[in-house]
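I begin with a helix pair and then turn to the sheets.

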Amino acid sequence: MADTAVSLDPGPGPTPPGDYDFIVVSNRLPVDRVTIDGQSDWRRSPGGLVTALAPVMEHADGAWVGWNGASDEPLDEFDHSGMHLVPVDLSAREVELYYEGFANATLWPLYHDVIAPPEFHRTWWDAYRRVNRRFAEASANAAAEGATVWVQDYQLQLVPAMLRQLRPDLRIGFFNHIPFPPLEIYAQLPWRQQVLEGLAGADLIGFQRPGDAQNFTRCVRRFLGAQSRQGIFTITDEDGAERQVEARAFPISIDSRHIADLAADPAVVERARQIRHELGDPTTLLLGVDRLDYTKGIPERLKAFGELLEDHRVSVEDCTLVQVASPSRERVEHYKTLRDDVESTVGRINGTYDTLEKTAIRYLHQSYPVEEMVALYLAADVLLVTALRDGMNLVAKEYVAARTRNNGVLVLSEFTGAAEQLRQALLVNTHDIDGVKNAIVRAIHMEPREAARRMRAMRKQVLEHDVKRWSTDFLSALQESR
């Protein structure tokens, strides 16, 4: 049950400046631990955020602050791939309470329209506040006088205000990669005021969609009593000084040119051909690519496909669904239950409709390198994105970027941030199973000229608005924010 809110710790006084002019702060460092020839080493993470910000860091004398991904393993600062990395140490208990608890069992479901019920525990909140303080202190120690600090995502919402207490000279940005909920949902959070105060420590707060920025502004007006105009509101700091904070939408994107280049690689093209052949060369190949998360609408997608088979609107002889569901938060109970449900549904559908030669659903509970994913995008005639709530959904943009021949059809949930930019997709209400079924059938039978027209428009959007443009737009706005 909810408990009484606890105010943010005032913390220590100002921190002396460090050496780096540009600091990125995220839950994880942009590198993964790998073993090569029996030796432990680091490899740059493949994510779009790293791709967008690594060049900025190399030119701006930058440092990246984050957890190294291994609990109870203290690490010193080190350099890798042109970046200075500042590890933040977390114990196994802190990972359990701060990350698995408050971040992913309180904030994640709350911010995704309470698709699963959020849990509110004071011990989780205390750990979240304590870990956020540690990230803020590490960032303050690394930042040079007047540096720019960009804090990333919902795990670190208290860092901006804590960092401003420590280093009032800094220019601070924050980007929220997931949705921000409406006031009526956000109001459930016992520590709603403290989280808003934490975010308001930033000069600029970025969101995926205008609606998210509007939700945040409504909450600030209600729970902090701040006046706002066109997303800009006035905050009074502890010293009595007034400061303006801006909340705006900056839709994130992908390294679209890299995806397009891979899609033109003869080896990737050949792999796409092999995938279709290994699946029995179906007339239509449907594809779903998601983390195994209850926000992604995988059960609804499977239900729609199963009913299409039952209704004889598609047949296993002509149509195959490949569902990639990469592992996610497997120690959290909701995710264990979801995996059981998904695998049970796949087994039931396959048991009912498979033949000796054909499989209705090829279910893959694992992660794949980007080259294999692009081959899958090329192999698939239709991509199904049926999220119940999603800040953006970059898989949709990757599929579009990979369709260099302007073929293929995207079926896209209107509850994703991507739906606001990829309007030429077949937009669906995931809760309307009949509507999803009709969209799938329409996608399968769409005339090539119509598919090309739609895909061409979406590719133009994705190629022009890539992840580098996203980071440039945000950082430029941050520089103008004071």
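Which residues in H8 meet which residues in H13? I found that Ser 256, Ile 259, Ala 260 and Ala 263 in H8 meet Glu 398, Ala 401 and Ala 402 in H13, contact meaning heavy atoms within 4.5 Å. By class, I recorded 5 nonpolar, 1 polar and 1 charged residues in this contact. Here Ala, Val, Leu, Ile, Met, Phe, Trp, Tyr, Cys and Pro count as nonpolar, Asp, Glu, Lys and Arg as charged, and the others, Gly among them, as polar.

Basis of the entries. I worked from a predicted model, in which local features need pLDDT of at least 70 and side-chain atom pairs pLDDT 80 or more, while totals for chains, interfaces and linings use all residues. Residues are numbered from 1 along each chain as its sequence is written, and side-chain values use heavy atoms, without hydrogens and water. Helices (H or I, at least four residues) and strands (E, at least two) are DSSP runs numbered from the N terminus.

Entry on H8 and H13. I noted that the axes of H8 (residues 256–263) and H13 (residues 394–402) come within 8 Å and cross at roughly 50 degrees. Axes are lines fitted to C-alpha atoms, for helices over the stretch in contact, with angles from 0 to 180 degrees between N-to-C directions. The two helices are therefore oblique to each other; angles under 35 degrees count as roughly parallel, over 145 as roughly antiparallel, 65 to 115 as roughly perpendicular and the rest as oblique.

Entry on H2 and H3. I looked up the axes of H2 (residues 92–111) and H3 (residues 122–142), which come within 8 Å and cross at roughly 110 degrees. H2 and H3 are therefore roughly perpendicular to each other. Among the contact residues are Leu 97 and Phe 102 of H2, and Trp 124 and Tyr 128 of H3. The contact has 11 nonpolar, 4 polar and 3 charged residues.

I found E9 (residues 204–207) joined to E12 (residues 242–249) by 4 bridges, in parallel; strands pair if DSSP finds at least two bridges between them. Phe 207 has Ala 249 in E12 as its bridge partner. E11 (residues 232–236) pairs with E12 in the antiparallel sense over 5 bridges, and Ile 235 stands opposite Arg 243. In the E11 and E12 hairpin, with 5 residues between the strands, Gly 240 takes a positive phi near 90 degrees.

Entry on the open sheet. I read the order of its 6 strands as E15-E14-E13-E16-E17-E18, with parallel pairing. E15 (361–364) and E18 (426–428) each have a single partner strand, so one side of each is left without a neighbour in the sheet.
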